[in-house]
Amino acid sequence: MKTILTGIRANSELTLGNYLGALLPMVRLANKHSKEMNVNIFVPDLHSIIADIDGNLQQNIVRTIKYYLAAGLEVNDNVHIYRQSYVPAHSELCWILNCVATMGETSRMTQYKEKSEGRESCNVGIFDYPVLMAADILLYSAEYVPIGEDQFQHIELTRNLATRFNNKYGEIFVVPVKTDEQVKFMGIDDGIRIRDLLNPEKKMSKSTLAENSKIMLDDAPEKAAKKIMSATTDSLGKVKFDMFNQPGISNLLTIEALVTDTPLQDVISTWAGETRYGELKKKVASSVSTMLADFQAHLETIDDKMVFELFESGEKYANDIATKKLFEVQKAVGLR
Ligand code: TYM
């Protein structure tokens, strides 16, 4: 059986960007394919500690899984939910891959450059986190990895490391599919990048300080609607999907398409030429607030116990698969 795999760090409350870029696509794919594919959803808790944690890491980890359930994830025997640090093979494979990766390629990662920029010192975890991410994927032979566009470079790195390793030691790893095929598998035309509402040239990020620039999943629906109404647009006065000249408007169209599960092209043609930006904003504000209200109501019904039961079976499964793959790797390298 093929495997779909993804993870979201548990540093803080999640944004609408995390939700629309990774969580919801994963839930939709899982519900579509989990009869014939393995669906691995894990919390990269080791990746979380590369940066400050808002609140309590243990609670954030449990909350992250509750979010998948609140977004409609249907669990069956092929859906495996686990915590990264409960599967020691991730760290061990990361070390072996560290000896395959080059300083040059890891230094070129945009996320590393952005996260280390302007800091006097940067922890080694920030530098090395794409290699750990490669280990997360390769241990389970996952071909499909639904993620937002900002993580695409890490998929390419994973592909390069797997191919280099296989060339040197034999066909051990399944190489995940290229990012354009990942996008096709997700049923969209391009990678998803939800923009900052006030500065739409940038991606929406939990670390941005301005409150109105991002929607958090625990925002009251009315508050989220207000943030959409105050989103930066442009002075061109006509709705057009044009990320370069009209990034704010294009962002709103993208959000509307994803939240209402409508093909982007349909949303674009519905709104093309509209001169009252306020009308578009009202519609998007209403779609987002309805989505949040449903999501938050569903969240209330999920308790910690459900999540810990999922961890128990998921971690058994994950350790079994990951330990076997690690052993193959150790043998190939000569460590066993
Ligand atoms: P993280 O925790 O930074 O982000 C989680 C997911 O949310 C997506 N995302 C966005 N998508 C669209 N628009 C945005 N504004 C936006 N902001 C965030 C990210 O692309 C990501 O998919 N390294 C990963 C976690 C990870 C992982 C893995 C993912 C570790 N191992 C293995 C997949 C497979 C990360 O830091 O994501």
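**View 1. Elements around the ligand.** β1 (2-7), α1 (16-33) and α7 (124-138) each supply at least two residues of the shell around the ligand. Helices (H or I, at least four residues) and strands (E, at least two) are DSSP runs, numbered from the N terminus. This is a predicted model, in which local features need pLDDT of at least 70 and side-chain atom pairs count only at pLDDT 80 or more, while totals for chains, interfaces and linings use all residues. Residues are numbered from 1 along each chain as its sequence is written, and side-chain values use heavy atoms, with hydrogens and water left out.

**View 2. The shell, residue by residue.** Among the 26 residues around the ligand, R9, D136, G148, D150 and I194 come nearest; a residue is near if one of its heavy atoms lies within 4 Å. By class, the shell holds 13 nonpolar, eight polar and five charged residues.

View 3. Oxygen atoms of the ligand lie 2.4 Å from a polar side-chain atom of D150, 2.9 Å from a backbone N or O atom of G148 and 3.1 Å from a polar side-chain atom of N18. The protein covers 98% of the 720 Å² of accessible area that the ligand has on its own (Shrake-Rupley method, 1.4 Å probe).

**View 4. Q182 in helix α9.** Q182 is found in α9 (residues 179-185). Why does Q182 count as buried? Its relative accessibility is 3%, and buried means under 20% relative accessible area (1.4 Å probe, protein chains only). A polar atom of the Q182 side chain lies 2.9 Å from the backbone oxygen of V177, and one lies 3.1 Å from the backbone oxygen of E143. For such pairs within protein, one atom must be able to donate a hydrogen and the other to accept it, and residues adjacent in sequence count only if both atoms are side-chain atoms.

Conventions. A polar contact is a pair of N or O atoms within 3.5 Å; within protein, one must be able to donate a hydrogen and the other to accept it, and residues adjacent in sequence count only if both atoms are side-chain atoms. Ala, Val, Leu, Ile, Met, Phe, Trp, Tyr, Cys and Pro count as nonpolar, Asp, Glu, Lys and Arg as charged, and the others, Gly among them, as polar. Buried means under 20% relative accessible area, exposed over 50%, partly exposed in between (1.4 Å probe, protein chains only).
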